[in-house]
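Please open the structure in your viewer and keep the selection tool at hand. The tour below goes from one selection to the next and says what is found at each stop.

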Amino acid sequence: MDGLATEELARRAAAGEAAALDHLLSAIGPRVLEQCGRFLPCRQDAEEAAQDALLQVARHIERFEGRSLFSTWLHTVVANSARQTYRSLRRRAAEHPSDLLPAEVVDPRTTSVIAGTRLDLLDALDRLEAHRPELVTALVLRDLCELDYPQIADQLGIPVGTVKSRIHHARRHVRESLRER
């Protein structure tokens with residue numbers, strides 16, 4: 001399905017048309033899974049995040065006001081769902097460390113450079129959010145979702161200069177956090 005058709009479905013779904021929402025969710029499902037896979041190295045975790053993102057779209061489509069493109073709004077939903085899934089998985093592992101035998105526990109950082117880098121980045125984003133939460137969304141939308149500055153400014157409702165400043169400061173904090181690891 002092309003972008004224009006998706007945007008139209010999103011507008012109709014936001015207006016309360018149930019059939020449009022069903023078609024929209026079917027159309028964006030594969031893309032949502034792909035985007036979640038950019039954040040989470042394990043396919044099962046990406047699938048969990050994608051399901052959560054689709055559920056969030058279904059529950060909150062009326063919040064899509066059409067000020068920006070639906071795809072931009074969707075990037076934010078996907079990024080938040082993927083990061084929340086990661087936090088939840090990390091919390092579950094800390095709460096129930098004995099559920100797996102030590103031999104079954106595999107740290108992706110030791111098996112894959114790419115997976116380890118993604119997890120290190122998610123940890124760094126969590127540390128950034130604890131200290132400077134206003135910086136996180138702009139960085140995620142730019143560097144992980146690959147949106148351009150005007151799209152991010154539109155999505156966040158702030159000037160492009162503020163977006164650039166937030167991204168600059170966020171990158172600096174993340175870089176320092178990654179060096180400390």
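Select α1 and α2, and you will see that α1 passes α2 in a left-handed crossing; a crossing is called left-handed if the near helix is turned anticlockwise from the far one by less than a right angle, and right-handed if clockwise. This is a predicted model, in which local features need pLDDT of at least 70 and side-chain atom pairs count only at pLDDT 80 or more, while totals for chains, interfaces and linings use all residues. Residues are numbered from 1 along each chain as its sequence is written, and side-chain values use heavy atoms, with hydrogens and water left out.

Helix α1 covers residues 3-14, and its axis lies 8 Å from that of α2, at an angle of about 135°. That angle makes α1 oblique to α2, because angles under 35 degrees count as roughly parallel, over 145 as roughly antiparallel, 65 to 115 as roughly perpendicular, and the rest as oblique. The axes are lines fitted to C-alpha atoms, for helices over the stretch in contact, and the angles run from 0 to 180 degrees between N-to-C directions. Helices (H or I, at least four residues) and strands (E, at least two) are DSSP runs, numbered from the N terminus.

Now show the side chains where these helices meet: Thr6, Leu9, Ala10, Arg12 and Ala13 in α1 are in contact with Ala20, Leu21, His23, Leu24, Ile28 and Arg31 in α2, contact meaning heavy atoms within 4.5 Å. By class, this contact has 7 nonpolar, 2 polar and 2 charged residues, where Ala, Val, Leu, Ile, Met, Phe, Trp, Tyr, Cys and Pro count as nonpolar, Asp, Glu, Lys and Arg as charged, and the others, Gly among them, as polar.

On a 1 Å grid over the protein atoms alone, a cavity is a set of points where a 1.4 Å probe fits but cannot get out, whereas a pocket is an open set with protein on both sides within 12 Å along at least five of seven lines, and lining residues have an atom within 4 Å of a point. Grid points are joined across faces, edges and corners, and a volume is the space filled by probe spheres set on the points. To display the cavity lining, select Thr76, Ala79, Asn80, Arg83, Val136, Thr137, Val140 and Leu141; α4 and α7 (133-144) each supply at least two of its residues.

Next, turn to the second largest pocket, with a volume of about 170 Å³. Which element gives the most to its lining? That element is α4, with 6 residues. The lining includes Asp52, His60, Trp73 and Gln155, and by class it has 2 nonpolar, 7 polar and 2 charged residues.

Finally, select α8 (residues 149-156) and α9 (residues 160-180), whose axes come within 9 Å and cross at roughly 100°, so that these helices are roughly perpendicular to each other.
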